[in-house]
2 protein chains.
Amino acid sequence: MEKKNVFLKIEYDGTNFYGWQRQPRMRTVQGELEQVLSVVCNTDIKINGTSRTDAGVHALGQQASFEAEFGIPVERIPLAANNLLAGGKMAGCGDVRIISAEVVPEGFHARFDAKGKQYIYKIRCADEPDIFLKNYRYQMTEHLDVSVMREAAKYIVGTHDFKCFQASGGEEKETTVRTVYDLEIIETVTDAVKEMPSGAADRRRRIVQDIEIRISGDGFLYNMVRIITGTLVEVGLGKKKPEDIPAVIESLDRQNAGHTAPPQGLYLAEVYYDRV
Amino acid sequence: MEKKNVFLKIEYDGTNFYGWQRQPRMRTVQGELEQVLSVVCNTDIKINGTSRTDAGVHALGQQASFEAEFGIPVERIPLAANNLLAGGKMAGCGDVRIISAEVVPEGFHARFDAKGKQYIYKIRCADEPDIFLKNYRYQMTEHLDVSVMREAAKYIVGTHDFKCFQASGGEEKETTVRTVYDLEIIETVTDAVKEMPSGAADRRRRIVQDIEIRISGDGFLYNMVRIITGTLVEVGLGKKKPEDIPAVIESLDRQNAGHTAPPQGLYLAEVYYDRV
């Protein structure tokens with residue numbers, strides 16, 4: 001058996017995890033994956049993930065890599081691991097799943113070789129909350145003015161010192177300068193009639209405003225996407241003005257930015273690489 | 001304060017409940033609601049629910065009633081209770097929610113006065129499971145032939161002794177004769193491209209077949225909807241033929257019916273009453 005370097009693409013529902021990073025006696029995505037991969041590869045596996053997502057944060061396209069000597073063909077790893085992750089239950093899957101696994105050249109590292117990331121933050125505005133989306137959206141009863149949020153977003157795109165959008169508690173970074181490549185706000189308005197099959201008596205009319213904030217950049221500070229979201233929400237509610245944003249950024253002061261939006265709405269969507 | 005009889009409409013995500021019925025030291029929907037309503041009404045509240053849904057089963061329109069003397073205006077109960085159920089968190093709601101509360105005449109009872117119910121069972125067939133629907137669908141990789149399922153469903157509609165579709169373990173019923181009013185099977189096929197925003201490299205083509213089984217009747221035996229679903233799934237997979245169904249029903253033997261579909265896909269949709 002020769003040593004292989006394996007590159008994984010992973011999705012997970014973060015609801016029942018204490019975040020990505022391995023912790024003793026806590027259920028974490030990294031811990032769960034390492035446990036299952038160690039069984040599948042029949043050797044002790046430690047993986048390096050690109051993004052240390054917090055508890056409750058989801059991923060559509062997390063990436064990780066590991067180097068090890070093992071026998072199973074790499075293309076069989078996803079199926080074997082996903083069966084174990086599903087626990088053989090009829091519901092068909094676990095809450096974390098390996099989308100793909102491939103061999104990459106020696107020295108390639110999922111985290112250090114990442115060139116950037118995209119996150120999606122999902123907000124739902126409606127008179128009545130949707131209990132089935134409790135863990136998957138930031139839900140609010142107020143509606144947001146998306147046009148002013150888009151004005152505010154323009155000031156965030158680009159290379160800035162984003163210290164004002166950094167929460168304390170993350171790992172120390174050498175610099176708080178980052179480049180936001182793009183910040184798109186997508187709005188979908190649905191005039192939903194919640195229709196019970198028996199007829200009109202049970203209908204409740206609901207205007208639902210679904211908002212997706214899609215933000216990509218070369219890297220993000222601790223809680224940066226959630227604080228940018230909270231700031232944009234405050235703009236959408238009229239509590240802050242788009243023109244206030246440059247001064248917020250220049251102040252380098254977390255106090256001047258908005259609140260930290262809850263983890264449930266956040267999805268790590270994609271990691272960018274030069275290769276792959 | 002005079003005694004009032006209150007009629008509630010309730011929705012819940014059954015994922016984190018050990019079913020509807022109150023049990024010591026277990027989180028149940030009835031237990032959670034009684035606890036919160038007792039705070040809101042400032043008196044000990046015991047509620048009668050229409051359907052004792054199992055662990056993992058959801059409700060869009062569960063109904064319950066209770067009689068008590070209390071001060072708060074009945075129309076304020078939903079908001080007050082829902083705030084407590086949400087635990088004041090930013091995500092906006094709990095996993096159980098009171099949709100409406102109204103005063104009904106003395107003697108009206110949510111369970112005994114119910115004339116029937118509708119359940120919806122949701123199935124998702126796709127090459128790849130959706131981890132975010134793990135707790136909300138019966139997921140399978142095979143696709144189902146809906147036309148033969150509809151043929152089979154015709155034999156189930158009507159008044160029959162449905163003993164073959166009854167699981168052991170429920171409460172004793174005087175008779176296993178029930179009337180199924182309607183059994184509709186709705187199919188939605190989506191040719192989904194899971195598109196990552198950066199472009200074509202990450203696209204995965206997926207045909208998703210969503211199936212909803214909508215079944216209404218005057219009453220249902222223990223696990224009856226889930227066993228009917230399991231039987232229809234086996235027809236859809238070609239393991240049973242539609243023409244087999246009459247003999248299955250006539251046999252009165254659980255062994256001849258299909259498997260019990262998992263609870264995640266089941267939703268109590270509506271309860272029927274003559275009044276209201």
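B:Thr28 counts as buried at 2% relative accessibility, where buried means under 20% relative accessible area, partly exposed lies in between and exposed is over 50% (1.4 Å probe, protein chains only). B:Thr28 sits in the loop between β1 (3-12) and α1 (29-41) of chain B; helices (H or I, at least four residues) and strands (E, at least two) are DSSP runs, numbered from the N terminus. This is a predicted model, in which local features need pLDDT of at least 70 and side-chain atom pairs count only at pLDDT 80 or more, while totals for chains, interfaces and linings use all residues. Residues are numbered from 1 along each chain as its sequence is written, chains are lettered from A and ligands numbered from 1 in the order in which they are written, and side-chain values use heavy atoms, with hydrogens and water left out.

**Surroundings of B:Thr28**
- Apart from neighbours within four places in sequence, B:Thr28 is in contact (heavy atoms within 4.5 Å) with residues including B:Phe17, B:Trp20 and B:Arg22.
- The side chains of B:Arg27 and B:Glu32 meet in a salt bridge at 3.1 Å, N to O; the term denotes a side-chain nitrogen of Lys or Arg within 4 Å of a carboxyl oxygen of Asp or Glu.
- B:Arg27 is partly exposed, at 30% relative accessibility.

**Interface and symmetry**
- The contact takes 40 residues from chain A and 40 residues from chain B.
- Chain A and chain B bury about 3,500 Å² between them, 59% of it on carbon and sulfur atoms; buried area is the accessible area (1.4 Å probe) that two parts lose on being put together, summed over both.
- Two salt bridges cross the interface of chain A and chain B.
- B:Arg97 forms a salt bridge with A:Glu128, with the closest N and O atoms 3.7 Å apart.
- β10(A) gives the most to the side of chain A that touches chain B, with four residues.
- A rotation of 180° with 0.0 Å of shift along its axis superposes chain A on chain B (RMSD 0.0 Å), by least squares on the C-alpha atoms of residues with pLDDT of at least 70 in both.
- The two copies are therefore related as by a two-fold rotation axis.
- The copies meet through the same surface, because 100% of the interface residues of chain A are also interface residues in chain B.

**Salt bridges within chains**
- Over all chains, the structure holds 20 salt bridges.
- A:Glu151 pairs with A:Lys154 in a salt bridge, the closest N and O atoms being 3.3 Å apart.
- A:Glu151 is partly exposed at 37%, whereas A:Lys154 is exposed at 57%.
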